[in-house]
Amino acid sequence: MVTPPARKVMVVADPSPHSAAALQYALSHALLEQDELILLHVENTSSWKNTLTTFLKRPTIASAANAMTPNISSGPDWGSTDVNFLDQMKYASEIAQPKIPVRIEKIDPDGKDKATVILSKSKDLGIDLIIIGQKRSLSSAILGYKRPSGSMKGSKLIDTVDYLIENSPCTCVGVQKKGQNGGYVLNSKTQKNFWLLG
């Protein structure tokens, strides 16, 4: 049996439940033993400080060892809002997938839109797969907004995830968690609203 080549898998990290779901999907379904996981955060230092603790909690070693599918939203509360959410995500990744190297990348958008910054960094790092949490409103899911070509600037109808899916040179997967045991809804360039159970 041939071992697939090592891949660089990037999870776009922010202090939201959507990002936690994307990481959980990556850890339980996307990563292979020889892959490398890169947590990329486009820094916006004023928005994240006190929001993640309720969404992403450090799993205990015992619960991580017993879980077939990592659940990074369970376990004891760290009790401190000063703990960096990226460190929490990295710790949860290392517990769930101890053989996979994990690193954190932070980037300042320097006035550019988030999608452009993510695409540029993914090219610089030679990323093979981008995974990003996605929140879809009912209207955008039903209407399926058309994606304008070119830059995102001035376009309110398109969000960062849709732009990345359509414009990334590598595979990009938008992930929505559906309830505690409801699985995931995945969106990519070739699959729209694909429901993956558990």
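Is N193 buried, partly exposed or exposed? With a relative accessible area of 43%, N193 counts as partly exposed (buried is under 20% relative accessible area, exposed over 50%, partly exposed in between; 1.4 Å probe, protein chains only). The structure is a predicted model, in which local features need pLDDT of at least 70, side-chain atom pairs count only at pLDDT 80 or more, and totals for chains, interfaces and linings use all residues. Residues are numbered from 1 along each chain as its sequence is written, and side-chain values use heavy atoms, with hydrogens and water left out.

N193 sits in the loop between β6 and β7 (194-196). Helices (H or I, at least four residues) and strands (E, at least two) are DSSP runs, numbered from the N terminus. The phi of N193 is near 50°, a positive value in a residue other than glycine. Most residues other than glycine have a negative phi. D110 also has a phi near 50°. This residue lies in the loop between β3 (102-107) and α4 (114-125). D110 counts as exposed, because its relative accessibility is 62%.

Helix α1 has 14 residues and should span 20 Å at 1.5 Å a residue (the expected span is 1.5 Å times one less than the number of residues). Its end C-alpha atoms are 18 Å apart, which agrees. Of the 14 residues of α1, 10 are buried, so the helix is largely enclosed by the rest of the structure. Among them are S19, Q24, Y25 and A30.

Helix α3 (residues 85-96) has 12 residues. From first C-alpha to last it reaches 16 Å, close to the 16 Å expected. Its buried residues are F85, L86, Q88, M89, Y91, A92 and S93. At the start of α3, a side-chain oxygen of N84 comes to within 2.7 Å of the backbone nitrogen of L86.

The largest nonpolar core holds 23 residues. Such a core is a set of buried Ala, Val, Leu, Ile, Met, Phe, Trp, Tyr and Cys residues joined through side-chain atoms within 4.5 Å. V11, Y25, L37, L39, I131 and V175 touch the most other members. Elements giving two or more residues to this core include β1 (8-12), β2 (36-42), α3 and β5 (171-177). Helix α1 gives the most, with six residues. Apart from this core lies another, of 20 residues, among them M10, V117, I132 and L164.

Leaving aside neighbours within four places in sequence, V175 is in contact (heavy atoms within 4.5 Å) with residues including A21, Y25, I131 and L186.

Terms used. Polar contact = N/O pair within 3.5 Å; in protein donor to acceptor, adjacent residues only side chain to side chain.
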